[in-house]
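Morning, everyone. I'd like to walk you through a structure that is new to this group. Here it is on the screen.

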Amino acid sequence: MKFMKYAVFFYTSVGIEPYTIDSRPKKVSLWSNLLFWANVINLSVIVFGEILYLGVAYSDGKFIDAVTVLSYIGFVIVGMSKMFFIWWKKTDLSNLVKELEHIYPNGKAEEEVYRLDSYLRSCSRISITYAILYSALIWTFNLFSIMQFLVNEKWLKIRVVGQTLPYLMYFPWNWHENWTYYVLLFCQNFAGHTSASGQISTDLLLCAVATQVIMHFDYLARVVENQVLDGDWNENSRFLAKTVRYHQRILRLMDVLNDIFGIPLLLNFMVSTFVICFVGFQMTVGVPPDIMIKLSLFLFSSLSQVYLICHYGQLIADASSSLSISAYKQNWQNDDIRYRRALVFFIARPQRTTYLKATIFMNITRATMTELLQVSYKFFALLRTMYIK
């Protein structure tokens with residue numbers, strides 16, 4: 001599907017086939033399996049080394065280093081969780097995509113009625129911008145140590161940088177000035193790409209599905225509002241029954257969407273709360289300008305990710321609620337009393353807003369962004385107090 005192409009691209013880069021449908025049959029590939037497990041094993045080793053470093057840094061009283069590595073661990077946890085849940089829920093996701101294909105506009109005339117091009121352009125524009133932003137973040141981190149070495153030591157010759165790695169990890173051997181440095185550099189860059197691709201692909205997939213759900217809600221609202229009622233109870237009752245069936249179909253799609261993405265979204269919001277706090281703390285303790293640029297990009301990317309999810313959650317909530325308003329705008333005033341009574345029940349259902357949910361614990365809207373920032377600031381203030389003392 002056109003909406004899914006960017007998400008599928010990033011999933012393929014880590015060896016994951018997110019779904020199978022009739023137009024995209026299952027592809028058994030040894031290379032994909034090897035790539036997936038190489039990504040998983042490498043990322044697991046890297047995060048284990050970061051956890052060991054966290055323990056060593058905390059025991060040695062290196063508070064800032066401990067906070068820094070915590071932000072790396074949080075980033076990896078979000079990426080791994082999103083990858084594994086999509087891999088685990090592949091069957092459910094395949095069924096969801098098949099259902100979306102069944103109600104997808106068929107032919108140029110239907111596409112114009114659904115305003116497909118408008119939704120597709122919006123989804124593509126947001127997907128490309130978000131993918132570029134996150135890719136810039138991870139490759140800034142991955143290549144930062146190399147650029148410092150080339151610019152500061154080899155080109156400007158203002159200071160000795162030496163061999164450094166992008167991420168803080170514990171190693172039981174001295175990797176400086178020997179061949180293991182290059183192996184570790186590759187493994188860390190590989191892990192950074194895996195974690196970023198796991199997040200980008202899942203976020204883009206969520207946006208693609210959410211955009212289609214919004215498109216169907218909006219289409220149904222326009223159909224209901226523009227329906228001309230002529231007083232024929234039989235004809236109008238058939239229209240209302242058809243509308244209710246279509247509405248139920250969209251609601252079932254939302255139930256499946258929340259079931260697939262609920263736990264990853266909850267983990268995403270929980271971990272992002274701390275990551276934003278940790279990165280913000282690092283920016284306030286006095287770092288060199290080049291490090292400040294890197295941290296600013298990290299913070300902006302984390303905030304953008306959370307806002308993107310909250311933005312689509314708000315659009316879904318608004319689109320679902322608009323259906324009852326559209327039904328009220330019909331010319332029902334002079335129609336059959338039976339239709340008016342049935343319409344009351346139809347209007348009542350969309351008034352119970354449909355939400356994008358992070359499990360049962362959280363309805364996602366733009367207000368969620370405010371709540372997350374408030375919690376992040378509280379933890380930030382606690383960290384500052386601990387650091388000052």
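Let me start with a question: by about how much of the helix are Glu 235 and Arg 238 separated in helix 8? About one helical turn, because the two are three residues apart in helix 8. Glu 235 and Arg 238 form a salt bridge. Their closest N and O atoms are 3.0 Å apart. And Glu 235 counts as partly exposed, because its relative accessible area is 38%.

Before going further, a caution. This is a predicted model.

Now the overall view. The protein has eleven helices and two strands. Start at the N terminus and read along: the elements go α-α-α-α-α-α-α-α-α-α-β-β-α. The C-alpha atoms fill a box of roughly 85 × 50 × 35 Å, taken along the principal axes. There are 389 residues, and 51% of them count as buried. Next, contacts between residues at least 6 apart in sequence. Of these, 78% join residues at least 24 apart.

Back to salt bridges. Side chains of opposite charge can pair when their charged atoms come close. The count here comes to six salt bridges.

Take Lys 90 and Glu 17. Their side chains meet in a salt bridge, at 2.9 Å from N to O. This pair links distant parts of the chain, 73 residues apart. Lys 90 sits in helix 4, residues 90-102. Glu 17 is in the loop between helix 1 (5-13) and helix 2 (30-59). Buried or exposed? Both Lys 90 and Glu 17 are buried.

Next, Arg 249 and Glu 99. They form a salt bridge too, with the closest N and O atoms 2.3 Å apart. Arg 249 is in helix 8 and Glu 99 is in helix 4, so this pair ties together parts that are 150 residues apart in sequence. Arg 249 is at 29% relative accessibility, so it counts as partly exposed.

There is also a network. Salt bridges link Lys 89, Asp 92 and Asp 259.

On to helix packing. Look at helix 3, residues 63-88, and helix 9, residues 289-328. Their axes come within 13 Å and cross at roughly 35 degrees. The crossing is left-handed. Which residues of the two helices meet there? From helix 3, we have Ser 71, Tyr 72, Phe 75, Val 78 and Lys 82. From helix 9, they meet Lys 294, Phe 298, Gln 305 and Ile 309. By type, the residues of this contact are five nonpolar, two polar and two charged.

Now helix 11, residues 366-388. It has 23 residues and reaches 34 Å from its first C-alpha to its last. That is close to the 33 Å expected at 1.5 Å a residue. Its buried residues are Thr 368, Met 369, Leu 372, Ser 376, Phe 380 and Leu 383. What do they pack against? Helix 3, helix 8 (233-283), helix 9 and strand 2 (363-364).

One last stop: Trp 332. Find it in the loop between helix 9 and helix 10 (337-348). Trp 332 is partly exposed, because its relative accessible area is 22%. Leave aside its neighbours within four places in sequence. Trp 332 is then in contact with Leu 229, Ala 327, Tyr 339, Arg 340 and Leu 343. Gly 231 is 101 residues from Trp 332 along the chain, yet their C-alpha atoms are separated by 9.0 Å.

That's my tour. Over to you.

How values were computed
Residues numbered from 1 in each chain as written. Predicted model: local features only at pLDDT ≥ 70, side-chain atom pairs only at ≥ 80, totals over all residues. Heavy atoms only, no water. Axes fitted to C-alpha atoms, helices over the stretch in contact; angles between N-to-C directions. Helix = DSSP H or I, 4+ residues; strand = E, 2+ residues; numbered from the N terminus. Left-handed = near helix turned anticlockwise from the far one by under 90°. Contact = heavy atoms within 4.5 Å. Nonpolar A, V, L, I, M, F, W, Y, C, P; charged D, E, K, R; others polar. Expected span 1.5 Å × (residues − 1). Buried < 20%, exposed > 50% of the residue type's maximum accessible area, 1.4 Å probe, protein only. Salt bridge = Lys/Arg side-chain N within 4 Å of Asp/Glu carboxyl O.
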